[in-house]
Amino acid sequence: MEIVFQLFLDALLLSGFYTVLSVGFSLMWGVTGIINLAYGSFIILGAYLSYMIYMSGFDVLLFLPLIFILGFLLGLFFQALFVNRLMGYEPFTILVLTFGFDVVITNLLNLIFKADIRSISLPFENFSLFIADLILPLNRLLVFFFSLISLFALYTFLRYSWTGRAIRAVSLDPVGAQLCGIKPKRVFMISTGIAIGLALFSGSFYAMLQGFTPFESGWLTIRAFLICVIAGLGSVSGLAFGSFILSLFEVFSGFYLGEDWKDVVSLMLLIAFLTIRPRGLFGIKYHEKG
């Protein structure tokens with residue numbers, strides 16, 4: 001029975017990272033209507049930025065705000081220079097655009113860093129807290145803690161700031177928001193900036209938790225997509241619950257069936273939700289974006 005509690009605890013800690021990983025993907029999808037296939041590449045880009053900071057001898061944790069700001073600026077340019085120009089075209093056009101960015105970023109990272117596995121060693125990563133017979137690795141606990149802080153900051157921003165309310169208004173009714181004086185394209189830029197900022201931000205956590213190469217973007221994008229499918233769009237708390245469900249399936253299947261089964265079980269979960277409840281557990285209906 002102790003091992004079951006330990007697996008639940010592992011899933012809970014992992015769900016914090018998965019929530020941060022998916023919240024930017026969900027925000028961009030919910031506000032702009034775009035499924036960003038390059039999202040995983042931006043996460044890996046954040047991991048390599050953290051790796052460079054680590055190799056320069058600095059503490060990665062101190063640079064987390066700067067990594068988010070860099071991602072935010074990158075997202076602004078990405079939306080303004082490329083995506084906004086295609087907003088009136090078929091959604092497939094933007095899908096191809098983001099796929100192209102995924103290929104470009106992956107290959108650029110491979111050219112610069114090669115395909116060797118990189119990782120970040122935190123000074124306390126070999127330490128753990130013990131609660132009775134349960135083990136809490138400090139690096140996972142730290143990632144979970146910073147994930148909670150960042151999610152609370154995002155929730156507060158979306159809930160109480162004027163810009164956050166404008167983002168929510170555009171996501172629910174872009175025409176109505178425009179009649180109230182809100183400029184949707186400006187909101188799209190800010191939303192994409194936050195989304196890419198969170199992608200780079202979560203990439204730092206990814207580098208703290210495990211080794212990485214340039215070729216892992218696909219599965220990260222699929223995981224973000226899967227969590228959004230489970231939770232639905234429009235709810236940070238829903239994403240947290242969806243992340244916990246995915247973490248439970250991955251942790252338990254990895255332990256009882258083997259690591260190779262984790263991805264299979266995750267894809268089966270994706271198919272099940274798309275078939276039975278395509279709007280997710282907490283999803284709300286969005287208007288089409290123009």
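**Aromatic pairs and helix packing**

A: Phe-25 and Trp-29 lie 4 residues apart in helix H1, and are therefore separated by about one helical turn. The model is a predicted one, and a search of the whole structure finds 20 aromatic pairs. In the pair formed by Phe-25 and Trp-29, the ring centres are 6.0 Å apart and the planes stand at 75°; since planes over 60 degrees apart count as edge-to-face, the pair is assigned to that class. Phe-25 has a relative accessible area of 1%, and is therefore buried.

A second pair, Phe-252 and Tyr-256, has ring centres 6.2 Å apart and planes at 20°, so this pair is stacked. These two residues are also described by their spacing: 4 residues apart in helix H10 (residues 236-256), they are separated by about one helical turn. Tyr-256 has a relative accessibility of 48% and therefore counts as partly exposed. Phe-252 and Tyr-256 belong, together with Phe-8 and Phe-255, to one aromatic cluster.

Helix H1 also takes part in a helix-helix contact. H1 (residues 2-32) packs with helix H6 (residues 162-172) at an angle of about 60°, and their axes are 7 Å apart. The two helices are therefore oblique to each other. On the H1 side, the contact is made by Leu-27, Gly-30 and Val-31, which meet Ile-167, Val-170 and Ser-171 of H6. By residue class, this contact comprises 4 nonpolar and 2 polar residues, with no charged ones.

In soluble globular proteins, nonpolar side chains tend to be buried together. The largest nonpolar core in this model has 73 residues, and Phe-205 and Met-208 are those with the most contacts inside it. Helix H8 (residues 184-209) gives the most to this core, contributing 13 residues. When residues up to four places away in sequence are not counted, Met-208 touches Val-60, Leu-61, Leu-64, Leu-122, Asn-139 and Val-143.

Methods: Residues numbered from 1 in each chain as written. Predicted model: local features only at pLDDT ≥ 70, side-chain atom pairs only at ≥ 80, totals over all residues. Heavy atoms only, no water. Axes fitted to C-alpha atoms, helices over the stretch in contact; angles between N-to-C directions. Parallel < 35°, antiparallel > 145°, perpendicular 65-115°, else oblique. Contact = heavy atoms within 4.5 Å. Nonpolar A, V, L, I, M, F, W, Y, C, P; charged D, E, K, R; others polar. Phe/Tyr/Trp six-rings, centres within 6.5 Å; stacked < 30°, edge-to-face > 60°. Buried < 20%, exposed > 50% of the residue type's maximum accessible area, 1.4 Å probe, protein only. Core = buried A, V, L, I, M, F, W, Y, C linked by side-chain atoms within 4.5 Å.
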